[in-house]
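I opened this entry to look up the charged pairs first.

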Amino acid sequence: MPRALRPSDVDLHLEFNPAAPEQLHELGTAYWELAGLDPDTGSPVWVQRTGELDFTPWAQPAHIAAAAAVTATALAYSSASCEGKLTLTSRNALKEAIEGRDIQCRACNTTVEQRVASTLHPKALEYRAKRIAEQQVHAAAMETKRELEQSQRDAISERYPVDDEDPISRISEAPIVARVGALAVLHAVGDRAGLIYPIEFHNSTIAPSNTFSEQLFVDAWHFNLLHVHPTSPTDAFVWDDGTTLGTTLGTSIYPEQTRFFVPGMGTLENRLETFVHCLRDGLDLSAMWSYDRPELSDLVHKVIAEEAGRYLAYQLRQHNLPDRTDRHNEVLRTVTTRGASLFSLGHLYRMAWSSARDASSAKQRHPSMSTENAITHGLNQFEQRIQKASYDRGSLNEPFSEDNNLPLTSVTDIVFRIILGMDPMSSEPAHIADMLSAAPDDELRALCEAGIPSHRELMERIRTSTDEWDGYEFRRILARLEQQPPDACAPRCAHDRLTDVASEGGQVYDRIVSRVGEADAAIVTAEATSLANAGHNGLRADDALLSAVVHLLLPLTDLEPAILAEQE
């Protein structure tokens with residue numbers, strides 16, 4: 001507990017210096033404001049410590065600034081030199097006077113008076129007033145900046161919260177390219193305590209080209225596999241005035257400055273670990289349905305083409321031919337697109353290396369040849385090699401391995417090594433196409449059918465439990481199933497049309513309920529599903545619906561559908 005101060009019996013008289021400005025008067029008053037006396041030593045205790053006073057704009061040390069502002073007189077003490085009233089030079093002078101020491105007054109201390117005169121010189125005052133005004137303007141600007149930043153931070157936090165969500169549902173809703181894009185970004189960028197940044201498109205770590213890298217990122221972001229984190233700097237966002245000074249958040253971001261995180265629950269690190277595991281599961285080829293595989297096939301083709309084009313451009317640079325024109329780039333895209341459908345990446349690497357060497361040799365043989373023409377010659381050679389090998393595959397030599405000086409990009413590693421489980425350099429397009437054609441759709445549809453109870457079993461359970469449910473509840477469940485998206489277990493499986501069939505069943509119920517009553521209308525509607533099964537290409541879509549209805553209508557039933565509707 002702090003000691004109580006002894007009330008001061010020191011009679012201090014302050015006289016303002018008329019030549020000093022008002023702000024300096026305030027400083028002088030604060031400097032000489034006594035809180036009391038120390039109960040043990042009797043020394044003065046001040047309201048504010050010297051370090052808490054803003055004296056530096058006026059003079060240093062603090063007692064000179066205070067002396068320029070006011071004349072402090074200790075009326076009970078006398079000057080040791082002139083025996084007049086003791087005008088104090090500093091706080092320490094008062095302390096020593098209380099202790100009984102001989103102290104000179106201000107008038108006798110020429111040094112203090114000279115410093116005061118210098119401090120109050122008109123030019124000095126003008127300079128200090130200007131500095132103070134500048135400091136005030138700067139302080140006001142900083143306060144405005146802080147208020148703006150806080151306003152922006154509030155807007156960012158409101159727009160981009162960190163909410164818990166199910167990563168599996170996010171991944172299942174995203175197309176293959178978006179899933180691959182998310183994993184490519186995570187592999188290329190890494191994380192810092194669960195935050196993914198900085199995302200760079202120009203360094204060929206995500207994908208072989210800037211455009212391809214940006215496309216993969218945008219797909220992942222737009223399908224909610226990457227979320228903007230609210231700790232991102234304010235200049236990562238576009239504001240309403242098109243600069244960083246607005247207060248209304250726009251809809252665009254600067255990805256290179258933005259910090260991202262992934263869907264999930266818990267800490268950012270836990271989210272990331274779980275999400276990557278789920279993302280890999282979502283790219284498992286053995287479980288990939290037929291309508292996802294063409295998308296993956298197109299992606300594989302694009303990866304091979306862009307990696308081949310990147311390697312040829314690299315080899316041209318290595319042979320001192322770096323300056324490709326837009327026309328060169330267009331030809332290169334056309335040639336690599338064709339080559340990617342015919343040959344492995346390693347074979348295209350070998351053709352690219354030979355073609356770049358041919359371009360360099362041609363320029364050396366013909367010194368007058370322009371760089372542009374030399375590159376054109378190299379591209380022509382590349383195209384001719386592809387053309388020749390397409391007619392005579394026996395002319396192909398062993399494919400190149402990966403070049404350690406130009407590592408394959410993240411998307412290439414993911415597509416080949418993680419999804420396909422194949423070597424990216426030696427895998428032939430025809431082999432890849434065969435692998436992607438083997439979708440598990442038929443097997444999954446068969447499992448789906450096997451998991452649906454028979455129509456007879458379902459109807460028996462409904463008829464023998466009329467005391468456990470009513471027709472209104474039956475109709476309400478149909479409406480609920482009509483509104484929620486179907487959870488299909490394979491393309492065109494029995495559950496794929498659950499929403500449509502629920503709507504049809506609801507219409508049957510509504511047409512007859514007024515004539516037969518709620519309970520009978522429910523039984524008739526359920527029985528009618530057996531007639532509708534034949535109308536869905538042989539799939540038991542209506543039994544799948546009836547199975548879901550029974551499960552929700554009678555939660556304790558021992559008949560479970562293969563795909564259970566989500567509980568409320």
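**Entry 1: a pair around α14.** I started with Glu402 and Arg417, whose side chains meet in a salt bridge at 3.4 Å, N to O. The model is predicted. I then placed the partners: Glu402 sits in the loop between α13 and α14 and Arg417 in helix α14, so the pair ties together parts 15 residues apart in sequence. Glu402 is partly exposed, with a relative accessible area of 28%. Arg417 is also partly exposed, at 39%.

**Entry 2: α17 and α20.** Next I looked up Glu527. Its salt-bridge partner is Arg463, and the closest N and O atoms are 3.1 Å apart. Glu527 belongs to helix α20 (residues 518–532) and Arg463 to helix α17 (residues 455–463), so this bridge ties together parts that are 64 residues apart in sequence. I noted Glu527 as partly exposed, with 29% relative accessible area. Arg463 is partly exposed too, at 46%.

Entry 3: I went on to Arg393 and Glu428. Their side chains form a salt bridge of 3.1 Å, N to O. Arg393 lies in the loop between α13 (371–391) and α14 (410–420), while Glu428 lies in the loop between α14 and α15 (429–437). The two residues are 35 apart, and the pair links distant parts of the chain. For Arg393 I read a relative accessible area of 39%, which is partly exposed.

**Entry 4: the charge tally.** How many salt bridges are there by this rule? I counted 19. Lys95, Glu96, Glu99 and Arg101 are linked in a network of them. The protein chain carries 51 positive and 83 negative side chains. The centres of these two sets lie 7 Å apart.

**Entry 5: the whole chain.** I listed the secondary structure: 21 helices and nine strands. Is the chain compact or spread out? The radius of gyration is 41 Å, well over the 24 Å that the globule rule gives for 568 residues, so the chain is more spread out than a compact globule. Along the principal axes, the C-alpha atoms fill a box of roughly 120 × 95 × 40 Å.

**Entry 6: burial, contacts and surface.** I noted that 45% of the 568 residues count as buried. I then turned to contacts between residues at least 6 apart in sequence; 72% of them join residues at least 24 apart. Last, I took the accessible surface, which comes to about 28,900 Å². Carbon and sulfur atoms hold 49% of that area.

Technical notes
Residues are numbered from 1 along each chain as its sequence is written. This is a predicted model: local features need pLDDT of at least 70, side-chain atom pairs count only at pLDDT 80 or more; totals for chains, interfaces and linings use all residues. Side-chain values use heavy atoms; hydrogens and water are left out. Helices (H or I, at least four residues) and strands (E, at least two) are DSSP runs, numbered from the N terminus. The radius of gyration is taken over C-alpha atoms; the globule rule is 2.2 Å times the number of residues to the power 0.38. Buried means under 20% relative accessible area, exposed over 50%, partly exposed in between (1.4 Å probe, protein chains only). Contact means heavy atoms within 4.5 Å. Accessible areas come from the Shrake-Rupley method with a 1.4 Å probe; for residues, only the protein chains shown count as cover. Lys and Arg count as positive and Asp and Glu as negative; His and the chain ends are not counted. The place of a charge is taken as NZ of Lys, CZ of Arg, CG of Asp or CD of Glu. A salt bridge is a side-chain nitrogen of Lys or Arg within 4 Å of a carboxyl oxygen of Asp or Glu.
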